[in-house]
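Please read them with the model open.

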Amino acid sequence: MLEILYQDDNFVAINKPNGLLVHRSAIANDAKEFAVQLVRDQTGRFVYPVHRLDRKTSGVLLFGFDKESTRLLQKGIEDKTTLKEYYAIVRGYFPESIVVDYPLINDKGKKQAAVTHFRRVKTTELALPFGKHSTSRYSLVAVQPQTGRMHQIRKHCNHLRHPIIGDRPHGCNKQNRLFKEKWAMTTMLLHARKLELRHPKTNEKLSIQADFPAEFKRMQTILSL
């Protein structure tokens, strides 16, 4: 059963687990289950995806129960009246605060504007030699994407040379291998923690939060983050 974070007559919010696709995709034909199908079966109602999360990303995901509610929720995202906040564990000591305005190329070869706001939450240093360094450094960061490009947070972290742990192909293969061999950790440490939005019908301000998945919490404990 999926964890339902919020539900009324207009829409439902779930805490999507890592590894679950939002809907069927030609580039991931190994998948047998999809969030759209599972939410439909769990609520007993047809649902429309309001937005997307990568397969490897966990956290708050919205579905409308009707086309009008879905349209209004999507408009809130497009008009930037909806705030999305993610958390990620990345390599190195991240800047205290930074706004990345760096265009990205989509799968059709088109350059698109992409802006992401980052805030460092905590840092850690382990007595774990890695490469030419005698220790290993990591950061927990809070992320607010201003635009919604495909893999935007992942690509911007990599652009800053602070890739997200567990990210493939935009991360660091050597770090990913270290986490797999030392801690048997293979998931991507990126989580959609919070959505602040206006209700599509009542205009009430809502804040929907999703707890971190078990693997994210385990790595926070191990890394003291």
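Buried here means under 20% relative accessible area, exposed means over 50%, and partly exposed lies in between (1.4 Å probe, protein chains only). This is a predicted model: local features need pLDDT of at least 70, side-chain atom pairs count only at pLDDT 80 or more, and totals for chains, interfaces and linings use all residues. Residues are numbered from 1 along each chain as its sequence is written, and side-chain values use heavy atoms, with hydrogens and water left out.

1. Cysteines. The disulfide count is 0, with a disulfide taken as a pair of cysteine sulfur atoms within 2.5 Å. C172 is buried, at 14% relative accessibility.

2. Salt bridges overall. The whole structure holds 11 salt bridges. The criterion is a side-chain nitrogen of Lys or Arg within 4 Å of a carboxyl oxygen of Asp or Glu. Side chains of opposite charge can pair when their charged atoms come close.

3. E85 and K194. These two form a salt bridge, with the closest N and O atoms 3.9 Å apart. The pair links distant parts of the chain: E85 sits in strand β5 (residues 83-91) and K194 in strand β11 (residues 190-198), 109 residues apart. Helices (H or I, at least four residues) and strands (E, at least two) are DSSP runs, numbered from the N terminus. Both E85 and K194 are buried.

4. D167 and R154. Here the closest N and O atoms of the salt bridge are 2.6 Å apart. D167 lies in the loop between α3 (152-159) and α4 (173-183), while R154 belongs to helix α3, 13 residues apart. D167 has a relative accessible area of 0% and is buried. R154 is buried too, at 3%.

5. D211 and K217. Their side chains meet in a salt bridge at 2.6 Å, N to O. D211 is partly exposed, with a relative accessible area of 38%. K217 is partly exposed at 36%. Elsewhere, salt bridges that share partners join E85, R119, K194 and E196 into one network.

6. K16. K16 is found in strand β2. Leaving aside neighbours within four places in sequence, its contacts (heavy atoms within 4.5 Å) include L53, R55, T57 and L61.

7. Strand β1 (residues 3-7) and strand β2 (residues 11-16) pair in the antiparallel sense over 4 bridges. Pairing requires that DSSP finds at least two bridges between the strands. I4 has I14 of β2 as its bridge partner. The two strands, β1 and β2, form a hairpin with 3 residues between them.

8. G131. Is this glycine, G131, buried or exposed? G131 counts as exposed, at 78% relative accessibility. G131 lies in the loop between β9 (115-126) and β10 (136-145). From G131 to T186 is 55 residues in sequence and 20 Å in space, C-alpha to C-alpha.
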